[in-house]
Protein chains: 2
Amino acid sequence: METRRDVFQAIADPTRRDIINMIAHKSLNLNAIADQFDVSRQAISLHIRILVECGLIEIKKQGRERICEARLQKLAEVQRFIQQYEVFWNNKLDALGEFLDRKNTSIS
Amino acid sequence: METRRDVFQAIADPTRRDIINMIAHKSLNLNAIADQFDVSRQAISLHIRILVECGLIEIKKQGRERICEARLQKLAEVQRFIQQYEVFWNNKLDALGEFLDRKNTSIS
DNA sequence: TTTTTGCGCAAGCAAATGCTTGCATGTATA
DNA sequence: TATACATGCAAGCATTTGCTTGCGCAAAAA
């Protein structure tokens, strides 16, 4: 049912973006992450599960700890989506963008 | 209450990403957009409202029609988030990435 | 071995999300 | 003017989301 875990949805939540930020350069265990937030450990655990399910985090068991490591390659999918529209805010192509804009104000 | 309309959340929904795709190069009125989907016109209307609220779409009234134009500059915010992690999947920096990865497997 | 620590599981809940149908209204068109 | 079209508004509803608390269990520490 909830196989809808895609990366776009995963990064939609600000807490999850914070978690990504937190472990991007330094892997942390679950409780160390949860300590940084005001919400309960369990809430963070659920966020992490979502990140795991969509491939943005990998968990390595180490004794009783779960070390969360960032696997951010999946963000490339989002980048691909964004990049195709980069033309619309990129300075060097602003002229083109506005041109297309004006050209299509009226529908066919 | 629902001023939580941020761009990340807006693009989390596949239908809304489709809408963005649809009007990126060609502005369309609301019904023309809704016709492309299986869901009701009203459902699409709500999606468009969300896109308007976060600044990704601008509506120009034209007679009885509402022309939806893409204003994708706001996507730059997402790009900024993504770009800081580009190093983690960029080939030329893979070595560095893996190095940092290994280095931080154990928490401090 | 007893206790503490790290974490998962499960139930419960309020709010948000995505969708629908029905009705209202302004704007073109016949 | 009567009618068809483009759209908004509102109510209702099922599902998902984000969160909480309480319990259980295995691993580490005392």
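Q: How do the residues of the surface near DNA strand C divide by class?
A: There are four nonpolar, nine polar and nine charged residues. Ala, Val, Leu, Ile, Met, Phe, Trp, Tyr, Cys and Pro count as nonpolar, Asp, Glu, Lys and Arg as charged, and the others, Gly among them, as polar. "Near" means that a heavy atom of the residue lies within 4 Å of the strand.

Q: What kind of model is this, and how are things numbered?
A: This is a predicted model: local features need pLDDT of at least 70, side-chain atom pairs count only at pLDDT 80 or more, and totals for chains, interfaces and linings use all residues. Residues are numbered from 1 along each chain as its sequence is written, chains are lettered from A and ligands numbered from 1 in the order in which they are written, and side-chain values use heavy atoms, with hydrogens and water left out.

Q: What share of the DNA strand C atoms within 4 Å of the protein is sugar or phosphate?
A: 65%, and the rest belong to bases.

Q: Which side chain has an N or O atom 2.4 Å from a phosphate oxygen of DNA strand C?
A: That is H47(B). The side chain of S40(B) has an N or O atom 2.5 Å from a phosphate oxygen of DNA strand C. For R16(B), a polar side-chain atom lies 3.1 Å from a phosphate oxygen. A polar contact is a pair of N or O atoms within 3.5 Å; within protein, one must be able to donate a hydrogen and the other to accept it, and residues adjacent in sequence count only if both atoms are side-chain atoms.

Q: Which elements give two or more residues to that surface near DNA strand C?
A: From chain A, α3 (30-34), α4 and β3 (65-70); from chain B, α4. Helices (H or I, at least four residues) and strands (E, at least two) are DSSP runs, numbered from the N terminus.

Q: And DNA strand D: which residues come nearest?
A: Q9(A), S40(A), H47(A), N31(B) and R66(B), of the 22 around DNA strand D. Sugar and phosphate make up 63% of the DNA strand D atoms that come within 4 Å of the protein.

Q: Which residue has a polar side-chain atom 2.9 Å from a base nitrogen of DNA strand D?
A: Q42(B). H47(A) places a side-chain N or O atom 2.3 Å from a phosphate oxygen of DNA strand D.

Q: New topic. At what angle do the axes of α2(B) and α4(B) cross?
A: At roughly 75 degrees, and the axes come within 10 Å. So α2(B) is roughly perpendicular to α4(B), the term for 65 to 115 degrees. Axes are lines fitted to C-alpha atoms, for helices over the stretch in contact, and angles run from 0 to 180 degrees between N-to-C directions.

Q: Which residues in α2(B) meet α4(B)?
A: T15(B), R16(B), I19(B) and I20(B). Contact means heavy atoms within 4.5 Å.

Q: Last one: is L75(A) buried or exposed?
A: L75(A) is buried, because its relative accessible area is 0%. Buried means under 20%, exposed over 50%, and partly exposed in between (1.4 Å probe, protein chains only). L75(A) is in helix α5 (residues 75-83) of chain A. Its contacts beyond four places in sequence include V7(A), I82(B) and W89(B).

Conventions:
Parallel < 35°, antiparallel > 145°, perpendicular 65-115°, else oblique.
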